[in-house]
Structures are given as C-alpha cells and as structure tokens.
Amino acid sequence: MAHGAQSDTRKKLLELFAEANGEFLSGQKISEQLGCSRAAVWKHIEELRKEGFELEAVRRLGYRIVSTPDKVTANEIQLGLKTETLGHQIHFFEEVDSTQRIAAKLAYEGAPEGTLVIAEEQKAGRGRLDRKWFSPQGTGIWMSLILRPPIPPQQAPQLTLLVAVAVSQAIQEVTGLVPDIKWPNDILLHGKKCVGILTELQADPDRVRSVIIGIGINVNQTSAQFPEDICDIATSLAIEKGERIKRAPLIQEILLQLERLYKQYLEHGFRPIKLLWEGYAVSIGKPVTARTLGKVIRGIARGITDDGLLILEDEQNQLHYIHSADIQL
Ligand code: BTN
C-alpha cells in the first residue's frame, strides 16, 4: 500500500501537536488554525489513530498526543522534525522493491531536493557492488533521499562520506553508541556492520542533476533474525545497545545532522567534513585488502584524498587511489 506525499492539512495538524508538546489542543483551536470544520478535524484525528498514534480526547479540553507508534510513516517522521528542507516531502510505503528505484524515478520526474522515500519493508533492497540488502518488515530504516547539489560528478564521492558522518553522529546522539566508519561508508559497531549507504547519481558530464542517497540501518533485529550468510558480520543498534530503539526520532536526527553538514559542505567545501570522517575512520593507518572489480590490492590505508578516494600504499611503496572497492581489515 502506498501513501503519496501527505496533505498539507495533516502536516499542519502534526505541527500544532508538536508545538503543544503533549498538552491539550482544543478542537476549536485546531479547526481555526487549519481552516477546516470540527468534523474534518475529527476525521484527521481518526486517521492518525489508525496509524497507531494514541490520542486522548477530553470534553472541553480537546485532544492531546499520548504516544506515537514505532512506524516510519510521514506523520511519524514529521512530528517534531527540525529541518528546513530535508524530509519535508515524504513518500511512505508499507512494502516496495527498493526505495532507491522509486527515489530515482521521482528525481528524474523533478522531485525537489530533500524528498524522502521510505518503506517498512523492501523486497529487493540493493547494496553496493550489486549485492542484495536484507530489509525485513518493521525492524530497520530503509530510505532514499534526493539531493541536488551544485557540484561536478567527480565530487560526488565526497557526499557519500558526508552521509556516513551524519548517520554516525545521529546514531551517537540518539543511542550513545560510538560507531566506526569503514571506507567508504560502512558503519560498524564492535566490528560488525549496522548501516550501509548507497549513493547513485543522475548527472550530465559537467554537473550533477541529482544524488540518490540510500541508507539502510539495522535497528531492531535480534541476532536470530539475520540470515545465516551475514549473521557473523552484521549487527543491529538494538543488539549493541541492549534495548529497542524507536526509528522515527533517529530518522529525524539523521536528517538534521545531514542538513547541517550539507550546508557546511556547500559553504566551506569538503575539508571540515574530511576531518570529521577521519575522526570516525577505522581503516586509516592499518593494513587492508581492497577488492575492486578486477583486482585485489593489499597495503596500508594512508588516508583519503580531497575528492574522497582511498589512498592505499602497497609493499613497493606505490600509492593506489581507490574509487570503489570492498575493503577487508
Ligand atoms: C551497502 O551495500 O552497504 C549499501 C546498502 C544500502 C541499502 C539501502 S536501504 C534503502 C535503499 N534502498 C535500497 O535498495 N538500497 C538502499
């Protein structure tokens, strides 16, 4: 079942509840602010209830939000979202093949910067290097964000690293866990992968038209829920934290950190982001094996270039600049 971008009225209603901060809002006030009838207000409230919002209604006081569901619907994400642009247009789906495919189509059709496509489940989630991405129902964050940066295509890898920093900061802020980043953008907790990022471009030779940033986060899976082939190398935030984590507040934090870093990047370039990325990086200074499409290169990871490429020094002290590879520590 698909829900398109949600109505402005619903968005306004959620903003009113966010401002009310758990206090009652009278039906009269809501209908005045939304410019609709009391009956229409009641209908919107019922829709929110169907989505799992717990709303208390008290005569003469009005309505207040008691609890929000652990869903990743547009309503859940937009209630309390603090960004200026990112996530203001949300396309939510219960089930899709891949949010990446839908976001690419929307971007091609002209969807604005900041549009987010998110699903409870992906049937054909895609990873880097043509791999599959395991995306079971209701346990993770499977989302794709459209950005339209005014940069040439060769700078796009910088954005990939920027996103890894933003997601790491958000995880740290929300859970207290301190993640590591493995070049280019795998996010690890205690050596196991909990986040994958896939960046895809729509570009002319000299400029980027749009970047589709796919973010997959294992949030609430238990160890037993991972398929056998990845259970030794994958983990979830809940496994590492020892408790379940609500997904919508984490998404809000990711969008906020991403917007902040993205603005910084557009104003001051990649330098400040590179420093932050290096602060999270695990592979730098260590021996690594890079498997590219045709080659295997062993060496010491010396750092990243100003364009975001990995610098690898082999035994003959020759430097290799890696665009895309699978890195083993
Ligand atoms: C990786 O291989 O590490 C990248 C995984 C990226 C997965 C995300 S989940 C949301 C978006 N939709 C997809 O099909 N893939 C990305």
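A salt bridge here is a side-chain nitrogen of Lys or Arg within 4 Å of a carboxyl oxygen of Asp or Glu. R10 and E47 meet that rule, with their closest N and O atoms 2.9 Å apart. R10 sits in helix α1 (residues 8-20) and E47 in helix α3 (residues 38-50), so this pair ties together parts that are 37 residues apart in sequence. The model is predicted. By the same rule, the count comes to 22 salt bridges.

**Domain layout**

**Interface of domain 2 and domain 3: area**

- The size of an interface is often given as the accessible area lost when the parts come together.
- For domain 2 and domain 3, the buried area is about 1200 Å².
- Carbon and sulfur atoms carry 54% of that area.
- On the domain 2 side, L129, W183 and K274 lose the most area to domain 3.
- Together these three residues account for 45% of what the domain 2 side buries.

- Side chains of opposite charge can pair when their charged atoms come close.
- Domain 2 and domain 3 have 3 salt bridges between them.
- R131 and D326 form a salt bridge through their side chains, at 2.8 Å from N to O.

**Backbone geometry at two of the interface residues**

- Most residues other than glycine have a negative phi, and most peptide bonds are trans.
- L129 has a positive phi, near 50°, and is a residue other than glycine.
- L129 lies in the loop between β5 (116-122) and β6 (140-147).
- W183 is joined to P184 by a cis peptide bond, with omega about -5°.
- P184 belongs to the loop between β7 (180-182) and β8 (186-189).
- Both L129 and W183 are among the domain 2 residues that lose the most area to domain 3.

**Record annotations on the chain**

- An unreviewed UniProt entry lists "domain: BPL/LPL catalytic" at residues 75-266.
- In the model, residues 75-266 are 31% helix and 27% strand.
- The end C-alpha atoms of that span lie 29 Å apart.
- UniProt (unreviewed entry) also places the feature "DNA-binding region" at residues 27-46.
- Residues 27-46 are 85% helix and 0% strand in the model.
- The end C-alpha atoms of residues 27-46 are 13 Å apart.

Note on methods: Residues are numbered from 1 along each chain as its sequence is written. This is a predicted model: local features need pLDDT of at least 70, side-chain atom pairs count only at pLDDT 80 or more; totals for chains, interfaces and linings use all residues. Side-chain values use heavy atoms; hydrogens and water are left out. Buried area is the accessible area (1.4 Å probe) that two parts lose on being put together, summed over both. UniProt positions are given in the numbering used here, feature names are shortened, and annotations may be inferred rather than shown by experiment. Helices (H or I, at least four residues) and strands (E, at least two) are DSSP runs, numbered from the N terminus.
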